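These are my notebook entries on what I looked up, written for someone opening the entry for the first time. I kept to one topic at a time.

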Amino acid sequence: MTRSNGNSVEVENLVKRFGDFTAVDRISFQTRTGEVFGFLGPNGSGKSTTIRILCGLLRPTSGRAIVAGYDVVQSPELIRRNIGYMSQKFSLYADLTVFENLRFYAGMYGVPAAELRGRIDWALEMAGLRGRESNLTGTLAGGWKQRLALGCAVLHRPPIVFLDEPTSGVDPLSRRLFWELIQRMSGDGVTIFVTTHYMDEAEYCNRLALMNGGKLIALGTPTELKLGSIQGWLLLLECDRLGEAIERLRRFDGVRDVAVFGNALHLVVSDAAAAPAIRAALEADAISVTSLQPIRPSLEDAFVALTTGRGANCPSELPS
Amino acid sequence: MIERLRQILVKEFIHLFRDKHARFSLIVPPLLQMLIFGYAATYEVNRVSTAVLDFDHSPESREFLERFSASSRFQVRYILQNESQITSLLDHRRVVLVLQIQPGFAELLRKGRTAPVQAVLDGTDSNTALIAAGYINQIATRFAQDYQLQLADRLRPALMTFAPRIELQERPWYNANLEGRWFFVPGVIGTVLLVTVITLTAFAVVREREIGTLEQLMVTPISPAELIVGKTLPFLLVGLATVIITAIAGTLWFQVPFRGNVFVLLLGTTLFLSSALGVGLLISTICWTQQQSFSLAFFYVTPAIMLSGFGYPIASMPHALQLITYLDPLRFYLVVLRGTFIKGVGLGVLWPQMLAMTLLGSGALTLATLRFHKTLD
Ligand SMILES: Nc1ncnc2c1ncn2[C@@H]1O[C@H](COP(=O)(O)OP(=O)(O)OP(=O)(O)O)[C@@H](O)[C@H]1O
Ligand SMILES: [Mg+2]
């Protein structure tokens, strides 16, 4: 109804407290129709809580949230007809067959009898489970379960889908297949609201919101976040004796941050021209440097910089 | 609406019957409990293990003790020689009763004086001891009466025509042979039903909460009423089936009569089940894990059985406790069960119980519905 402005979710100063603990702290954002909106943040940062409020499962302490044009407090029942939701611990009924699970959720969502067969076929196709309709769900491998769960959650073709860590615990190939499904749905104009811990998945999102300690600390496209989060230059350092190198670099003027990445180090420096001086300083301490070069910050760098606050002043909303 | 209800019922029945273990646990435990209670739960006391210690060695003392050997209530297993043996026998639970006759027993009797007999009872099981004491009293009284008559007969035969006696003619109605089983078997149906239905209902909801499907269900357009009906109706049907199966087993195997109307029993069962389902649902609204719901169900079921009159008569309870029993649906259901099985009475007699169960059932279900939100907080 009020979707004329092109936003499927609008959140304004949303707060959720459990006792005197604030799980969601005055967050505001909008998602646009048809986009893949990623929700990132460390454990306990309030991602699931926000999603549950948007699905009408938790009542907000204060603030406003509009989903599909309806207010979450006033008309949760109308919202339920317009959304699909896969909770973080989504689980299907293990003792029901693939078909029975789909049939059950179709019934719950009131899929009309005339469309029933078609929708179930579509979901089977999507999950790659055609021919396995009568397998017990409990016997399926993780990736299939996940796709079947998505199928169950979107049988009624909702315009907005909330996915809370849908790919946790499945193999990389299944994750890729799953994300292909997400992209396809988004291409059909469905708004996807997804939380994840995987940086590679975050790269697939049109826009990302970064949560930390209940607060929304950054919002933008992956590129904007990467560029905006790091002030200065990012250098990749490969050397031996990492421990001592870190010690030395922490004391080096002009190195703002040092973080371990695999068996290399990422340095944030104010000026890329400092590289030769850094190399000299390390070699003076008998640390042999294999390589030291400027790199483009990854999303993980941005994530670390933003959540630890070490990336310095980052804008909470970037111009798009 | 109807479609949603149909789907949730289909799903619940699949949960109940697809799994071999689940099918087994619906039928076998109730029957097993019925068998165990049918054999074990009885107030009768038979073959009380007895030791005798006779210091008098007279024809009188021998005849007195013979009356115990002859009774099926007692089994004389030890003839003792001295008092020191008594403690050990009682300590090791070899005997429950020791009868001791002092020297001079016959002497006193012959003189027409009171002759003492000492009966030492193991009071650990106070119920058995009490009942055994009753039988001892009966046998001793009978012996004394007979002895008096014999004495009178020998001394003054003429008096015999006047000897006054009272004979009690026991006519227990409904259960002419006072069969303990007739009392317990219908009662077992009630307790088995209570345990089965409360745990099944509480588990059915809590299991879904635990594995996460309840949260998933809550975001569908299903209404709380649909969810509750869908979650309780299957167990109502299971409960009715349990009653029918255990009732058939009880009447065929234990020969307990069924004298009343089946429909009265089924009506009473339905009303009782509405309370049990309500309590089960209430438990599920409070608990987050199956473990919690199990302990809470146990916490409810034990006093509910104690206060129902299943084993201990309500009339003997302290007044305050008696008042609490009015909140116990099992209390009323037991009256319906025993009424329909043994007495063969109908609604004309049982309507107050039916009414009470209706009130308790609708109260429990209303409370459960009110607490059963479609939100997580
Ligand atoms: N019902 C509740 N009562 C009390 N505290 C809660 C409740 N639900 C969540 N919390 C707390 O709120 C905080 C945010 O939880 P939330 O589940 O939203 O985090 P999250 O970002 O989804 O984390 P994760 O990545 O681990 O899923 C956590 O500290 C959690 O313990
Ligand atoms: Mg979460």
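I began with A:Gln88, which I list as partly exposed because its relative accessibility is 39%; I use buried for under 20% relative accessible area, exposed for over 50% and partly exposed for what lies in between, with a 1.4 Å probe and protein chains only. A:Ser48, at 16% relative accessibility, counts as buried.

Before going on I noted that this is a predicted model, in which local features need pLDDT of at least 70 and side-chain atom pairs count only at pLDDT 80 or more, while totals for chains, interfaces and linings use all residues. Residues are numbered from 1 along each chain as its sequence is written, chains are lettered from A and ligands numbered from 1 in the order in which they are written, and side-chain values use heavy atoms, with hydrogens and water left out.

**Magnesium ion**

I looked up which atoms hold the magnesium ion, ligand 2, and found OG of A:Ser48 and OE1 of A:Gln88 coordinating it at 1.8 to 2.2 Å. The two residues are 40 apart and tie together distant parts of the chain, with A:Ser48 in helix H1 of chain A and A:Gln88 in the loop between strand E6 (83-86) and helix H3 (98-108) of chain A. Donors here are N, O and S atoms within 2.8 Å of the metal (3.2 Å for Na, K and Ca), and water is not among the atoms, so sites may look incomplete. Helices (H or I, at least four residues) and strands (E, at least two) are DSSP runs, numbered from the N terminus.

**Ligand 1**

Which residues come nearest to ligand 1? Of the 14 around it, I found A:Gly44, A:Lys47, A:Ser48, A:Thr49 and A:Gln88 to come nearest, where a residue is near if one of its heavy atoms lies within 4 Å. The shell is made up of four nonpolar, eight polar and two charged residues; Ala, Val, Leu, Ile, Met, Phe, Trp, Tyr, Cys and Pro count as nonpolar, Asp, Glu, Lys and Arg as charged, and the others, Gly among them, as polar. Strand E2 (21-32) and helix H1 (47-54) of chain A each supply at least two shell residues, and H1(A) gives the most, with three.

I then went through polar contacts, meaning pairs of N or O atoms within 3.5 Å; within protein, one must be able to donate a hydrogen and the other to accept it, and residues adjacent in sequence count only if both atoms are side-chain atoms. An N or O atom in the side chain of A:Thr49 is 2.5 Å from an oxygen atom of ligand 1, a polar backbone atom of A:Gly44 is 2.8 Å from an oxygen atom of the ligand, and for a polar side-chain atom of A:His197 the distance to a ligand oxygen is 3.2 Å. On its own, ligand 1 has 640 Å² of accessible area, of which the protein covers 65%; such areas come from the Shrake-Rupley method with a 1.4 Å probe, and for residues only the protein chains shown count as cover.

**Helix H1 of chain A**

Is this helix mostly covered or mostly open? I found it mostly covered, since seven of its eight residues are buried, among them A:Lys47, A:Ser48 and A:Thr49. After H1(A) comes A:Gly56, with a positive phi near 80°.

**Positive phi elsewhere**

Most residues other than glycine have a negative phi, and I therefore noted two exceptions. A:Asn13, in strand E1 (residues 7-18) of chain A, has phi near 50° and is partly exposed because its relative accessibility is 33%. A:Ala286, with phi near 65°, sits in the loop between helix H10 (275-284) and strand E14 (289-294) of chain A.

**Aromatic rings in chain B**

B:Phe13 and B:Phe17 lie four residues apart in helix H1 (residues 2-17) of chain B, about one turn of the helix. Their ring centres are 6.1 Å apart and their planes at 5°, so I list the pair as stacked; rings of Phe, Tyr and Trp (its six-membered ring) pair if their centres lie within 6.5 Å, with planes under 30 degrees apart stacked, over 60 edge-to-face and the rest tilted. B:Phe13 is partly exposed at 26%, and B:Phe17 is partly exposed at 39%.
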